[in-house]
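Visitor: Could you take me through the sheet architecture of this model, strand by strand, and say what packs against it?

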Amino acid sequence: MALGKYSRVDGKKTSSSYWSTAIILVFVALCLVGVWMITSSSLGPPQSGDLQDNRDEFKDQVTDMRQAPIGNDYVQQFEDNNGDLSEDATKNDQSQSGNNDSQDRSTQNPAEDNQEEKAAEESAENDLQSENTPKIGNESLKEDEGSKPEKANDVQPKQNQDFSSSNSKTTEEGSIKDNKSNTDENISEGKDQNNVDEKTTEVKVDETKVQSPGAQPELLNETNIQNSLLTQAKETNNEKEQGSTESNNVVQSKYKWKRCNVTSGSDYIPCLDNYEAIKHLKTTKHYEHRERHCPEDPPTCLVSLPEGYKKSIDWPTSREKIWYNNVPHTKLAEVKGHQNWVKMSGDYLTFPGGGTQFKNGALHYIDFIQQSVPDIAWGRQSRVVLDVGCGVASFGGFLFERDVITMSLAPKDEHEAQVQFALERGIPALSAVMGTKRLPFPARAFDVVHCARCRVPWHIEGGKLLLELNRLLRPGGYFVWSATPVYEKLEEDVQIWEAMKKLTNAMCWELVSKTKDRLNGVGIAIYQKPSSNECYEQRSEPEPALCYDSDDPNAAWNVPFQPCINKVPVDATVQGSQWPQRWPARLTKPPYWLLSSQIGFYGKPEPEDFTADFEHWKSDVSMSYISGMGINWSSVRNVMDMRAVYGGFAAALRDLNVWVMNVVPIDSPDTLPIIYERGLFGIYHDWCESFSTYPRSYDLLHADHIFSRIKKKCNLMALVAEADRILRPYGKLIVRDHDDVISELESIFKSMRWDIRFAFSKDKEGILSVQKGMWRPTEVETVTYAISNKPLN
């Protein structure tokens with residue numbers, strides 16, 4: 001009817017047009033009658049929105065599977081940019097990436113999916129392209145509509161249902177441009193529906209590595225150096241690339257794993273359980289047998305699990321109780337139960353919060369210290385504490401409530417499993433002893449050093465152990481000593497107190513408080529280290545001697561104790577000459593001694609370098625790590641950054657309920673003093689050796705370009721085995737590295753039955769997120785140097 005009414009030629013109606021109109025009307029009427037007869041016999045009228053809704057739902061699923069909601073901004077999070085890209089550069093990267101998607105997909109290797117799945121996915125891609133939805137390179141993700149695979153090395157990818165929340169967050173921050181707003185809304189609507197258990201929220205990217213086009217964002221100079229090192233090792237690239245595309249059967253035959261047969265069993269620490277080396281020690285007078293003695297060839301076997309091991313209890317409940325089967329030791333409960341260290345309670349070990357010097361609870365003891373010396377000001381003036389001879393670390397565990405972090409320190413097996421108890425509880429701790437070598441921390445690092453009946457003979461041999469604390473203590477910092485010589489009148493205690501009084505006077509430490517805690521019935525002496533050299537210059541006797549100017553107090557890796565006093569820095573541009581800003585301001589502001597005239601780790605002036613690093617990690621963590629890795633952060637407590645640089649990763653995690661052990665490798669620039677200055681803590685370490693911690697210590701390891709470096713220095717497989725030893729079952733490992741290393745590691749982790757939760761690469765850089773399982777090999781390897789003929793004590 002409409003066509004006939006408005007049919008015009010030169011704007012005039014003709015007689016023939018009336019006949020045409022009549023014929024058309026009759027034809028249309030007959031068609032309408034036929035349609036009415038057909039539809040009237042159906043069960044009901046069709047819902048006009050059903051087809052479109054189903055199409056939109058399918059598009060949403062494929063968008064989620066292909067990570068489209070993440071956008072090109074998400075791709076950039078995995079590159080070592082400095083966090084301060086210009087807006088124009090970001091826009092250019094996004095636009096070019098979107099324009100070149102079709103070219104990338106044309107070069108993609110075909111997956112081994114069935115044809116129906118391919119056709120459905122290609123159809124969905126066309127639909128998404130018609131609505132200008134951005135893609136990420138030539139990656140190929142597919143949804144697993146079945147149940148979770150039984151084995152972690154199953155190559156079937158899974159949908160990351162957490163990406164909906166990641167997309168919502170990045171959209172709010174303005175990181176994803178308008179051309180994907182429709183898709184963002186669709187995904188956000190399904191956010192609650194996709195909020196399922198962590199075990200089912202997994203992402204796996206096809207092993208064909210993604211090479212996303214677009215403008216290259218500014219990379220940190222350190223990354224550029226790494227890329228040049230990568231090209232020097234091109235002769236190994238082909239082998240690595242081949243390993244990344246092998247089938248699981250081939251992978252499992254390529255990497256053979258065995259279980260460690262060692263005397264210490266599931267508590268094995270290679271550098272502390274080297275009985276062959278200990279057997280040949282000339283003396284153990286200075287606890288040499290408790291120091292590190294690393295094997296020349298680190299083990300590549302996997303440490304067994306305790307029988308009945310269960311997933312660790314989450315913090316903060318873990319501070320009060322842990323599974324007995326996870327740390328099946330009862331000696332401390334028997335010996336120290338009356339002091340409220342630890343007690344047995346059914347399937348649990350419980351921790352009432354007491355200690356030898358604070359049987360009635362750590363919080364009262366902590367507050368009593370501050371009442372004695374208000375300037376300690378927990379959590380404001382005093383932020384970083386060293387607890388020597390920590391027991392089960394309840395002191396450090398309750399200092400968290402005062403916004404203080406504590407490095408708890410104790411030797412392995414001196415009190416059975418004390419450090420292991422601390423770590424299982426979610427409290428920072430390290431197995432170490434004050435024997436003959438400096439502790440692996442920088443000088444002037446700790447605001448407070450604490451010793452409660454720590455059994456360290458501070459006064460002997462010229463006070464060399466107390467001089468080591470002097471090296472570690474910040475000028476103006478405090479030494480809190482709670483021990484029987486402070487308040488008991490036995491002859492031995494009186495002699496020790498007199499020796500300590502003489503020694504501390506010679507060291508120019510001021511006794512600012514000596515009080516008695518009536519509730520716990522103990523005395524506490526609190527000393528303060530001088531903040532100038534005036535006292536040293538006025539001493540009548542030059543003992544202990546001042547260190548030579550050539551002595552570097554920050555040199556701490558395998559350096560023998562130096563029985564001397566390092567002068568207090570007086571130059572305002574030297575670390576330690578001033579007290580840091582109060583917490584939390586010290587976390588984000590560059591330290592006063594970083595100079596614009598000096599070049600930082602990434603090639604910029606030091607203050608700019610520090611700020612760029614922090615902004616980089618703050619952006620990555622908020623936009624990628626929190627919701628884009630398939631990680632349930634509520635189950636993460638103990639974190640290690642294996643290559644920390646300025647501690648930016650740890651600083652970005654500040655709002656989470658975690659603590660971070662920042663590791664600065666010994667062959668990297670020494671940035672550990674900066675980490676302590678900003679109110680964080682860490683340690684020096686050589687990753688060609690085992691770390692001084694118990695197995696199953698950490699919930700998450702973060703490895704930023706550490707595996708590629710170790711691959712050039714020593715045994716990559718030994719570092720993989722060490723990561724397995726340190727990480728708890730169900731713990732996560734995030735690796736950022738060159739894409740050939742990522743490919744190799746992906747194959748290795750599959751052979752260990754680890755779950756590949758996320759894998760991505762772009763411009764020869766990649767990121768891999770994996771989860772450790774409970775699998776242990778059945779075949780056994782005897783580690784001969786770790787077999788002892790004597791019982792452990």
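This is a predicted model: local features need pLDDT of at least 70, side-chain atom pairs count only at pLDDT 80 or more; totals for chains, interfaces and linings use all residues.

Guide: I begin with an open sheet of seven strands, whose order reads 14-13-12-15-16-18-17 and whose pairing is mixed. At its edges lie strand 14, covering 682-685, and strand 17, covering 755-762, each of which pairs on one side only. From one strand to the next the twist of this sheet averages 15°. Within the sheet, strand 12 (residues 638-641) and strand 15 (residues 698-704) run parallel to one another and are paired over three bridges; here Val639 stands opposite Leu700 of strand 15. Helix 28, formed by residues 716-726, packs on this sheet and touches both strand 15 and strand 16 (727-738), its direction making about 140° with that of strand 16.

A further open sheet has three strands in the order 2-4-3, and its pairing is antiparallel. Strand 2 (321-323) and strand 3 (343-345) are at the edges and each has a single partner strand, so that one side of each is left without a neighbour in the sheet. The pairing of strand 2 with strand 4 (residues 348-350) is antiparallel and extends over three bridges, and in it Ile322 has Leu349 of strand 4 as its bridge partner. In general, the strands of a sheet pair through backbone hydrogen bonds, in either a parallel or an antiparallel manner.

Terms used. Residues are numbered from 1 along each chain as its sequence is written. Side-chain values use heavy atoms; hydrogens and water are left out. Two strands pair if DSSP finds at least two bridges between them. Helices (H or I, at least four residues) and strands (E, at least two) are DSSP runs, numbered from the N terminus. Axes are lines fitted to C-alpha atoms, for helices over the stretch in contact, and angles run from 0 to 180 degrees between N-to-C directions. Contact means heavy atoms within 4.5 Å.
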